[in-house]
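Open the model in your viewer and keep the selection panel at hand. We will go strand by strand, then stop at the ligand.

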Amino acid sequence: MRRCDAVVVGGGPAGSSCAWALRRAGREVVVLDRASFPRDKVCAGWITPAVVAALELDTEEYRRGRTFQPITAFRTGRIGGRDVVTRYPRAVSFGIRRCEFDHYLLCRAGAEVRPATPLAGLHRADGVWTVNGEITAPVLVGAGGHFCPVARHLGGGGAGEPVVAAQEFEVALEPGEDCPVEPEAPELYFAGDLKGYGWVFRKQGVVNVGYGRVGGERLSAHVARFMDFLRRRERLPESVTGRLKGHAYLLYETAPRPLVGDGVLLVGDAAGLAYAQSGEGIRPAVESGLLAAQTILQARGRGGAADLEPYRRRIEARFGRRPSGRGFAGLLPSRLVEGLGAAVLASRWLTRRVVLDRWFLHAHQPALSLP
Ligand SMILES: Cc1cc2nc3c(=O)[nH]c(=O)nc-3n(C[C@H](O)[C@H](O)[C@H](O)COP(=O)(O)OP(=O)(O)OC[C@H]3O[C@@H](n4cnc5c(N)ncnc54)[C@H](O)[C@@H]3O)c2cc1C
């Protein structure tokens, strides 16, 4: 039997951040993942500077042999409407490839990693978990993403969750092949009802195109319409194409998942933490992983629900309390939402201050810095 201080189920950004912080404090951690790394994850691969700061990422080292695309501008608009280009005097985000980023973070964490190892058995007795019949620990961290088995164990993940469903493809440009999208200026185009948006993002020699929508009804039709719009606008050449892959996630404000249970913490997509307006999930995954580690360290080897409860308070202090009812936007008539959306997206000032700085860059919230 392998004894350790915490078992982390899932080695994505949430799980690896938690493992990294625990290992830095000298704790024994085992990370299980059903995949073998490097593995890919359906994702546009856009990270904000707050992620780089919270992870203390050495960008000079990271960019050696890996994609790391500074972003200094955005082209935005409504699907079918006029574009607005917003430029910044410095890099306000970065483009990465998840197959590289997640692998790098997991290796750097310095934890014992068990690849190709799905969670197969979970048993708790006398305050100790036995995982897969071979690892014991007082604390279990559910970091298995949207379909996390630990979240299911806590009663999350049932039918009827208010998901965002998305489809995308990521392809390398052929030698000599061009794409009009500027690498430092990703393009974001919003649906008229503001319930979805699509993107086309060039990261050095790689193009990532996708569309995500709250609820996901008739997603394929929305994706097809968006692709058609990009081709007609000549933003995406016919030759740049790939097999669409789908995935889902929950938005923090409406996710019905618990954060804490007896001996368990959920982090990242397992807890449903993505930002509501942008769907950015890597920053919440990393921050929740670090806050979970902080809670585990302060619990000093105890894993009772009361010992882990401070994690919920830390998440609420960071991301706000989950509202109990429908948000304000959900109460507005759809015609009004469409009118407001069109006005915001047509205005250069509102696009910069509201859509980009506030919704997409979360510039008002400094990077997480823990002692
Ligand atoms: C189309 C799309 C585009 C997106 N674009 C962006 C973006 O550009 N920027 C951004 O910030 N966010 C983006 N997101 C959200 C972001 O991808 C997620 O929020 C983020 O990956 C969450 O990280 P995580 O570590 O919680 O989960 P994941 O990255 O999903 O990692 C979970 C890990 O758990 C493992 N696992 C799953 N089940 C088991 C099991 N049974 N046993 C063991 N291991 C298991 C998986 O193999 C995986 O490695 C996007 C999401 C989608 C769907």
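Select strand β15 (residues 187–190) and β16: four bridges join them, and they run antiparallel. Strands here are DSSP E runs of at least two residues, and helices are H or I runs of at least four, both numbered from the N terminus. Two strands pair if DSSP finds at least two bridges between them.

A word on the model. It is predicted, so local features need pLDDT of at least 70 and side-chain atom pairs count only at pLDDT 80 or more, while totals for chains, interfaces and linings use all residues. Residues are numbered from 1 along each chain as its sequence is written, and side-chain values use heavy atoms, with hydrogens and water left out.

**Around β16**

Pick Leu188. Opposite it in β16 stands Trp199. Now look at the turn: five residues separate β15 and β16 in this hairpin, and Leu194 there has a positive phi of about 60 degrees.

Select residues 196–203, the whole of β16. Eight of the eight are buried, so the strand is largely enclosed by the rest of the structure. Buried means under 20% relative accessible area, with a 1.4 Å probe and protein chains only. In a regular strand, side chains alternate between the two faces of the sheet. Colour Gly196, Gly198, Val200 and Arg202 for one side, then Tyr197, Trp199, Phe201 and Lys203 for the other; both faces are covered.

Find Gly196: its bridge partner in β17 is Arg213.

**On to β14**

Select residues 163–172. Eight of these ten are buried, so β14 is largely enclosed by the rest of the structure. Nine bridges link β14 to β17, antiparallel.

**The ligand**

Which residues are closest to the ligand? They are Asp33, Trp46, Arg98, Asp269 and Ile282, out of 37 that surround it. Near means a heavy atom within 4 Å.

Zoom in on Asp33. An N or O atom of its side chain is 2.6 Å from a ligand oxygen. At Ile282, a backbone N or O atom lies 2.9 Å from an oxygen atom of the ligand.

Finally, colour domain 1 (2–45 + 97–158 + 251–319) and domain 2 (72–93 + 163–250 + 331–371). Both give residues to the shell, so the ligand lies between them. The domain bounds come from an automatic or database assignment.

Technical notes: Buried < 20%, exposed > 50% of the residue type's maximum accessible area, 1.4 Å probe, protein only. Polar contact = N/O pair within 3.5 Å; in protein donor to acceptor, adjacent residues only side chain to side chain.
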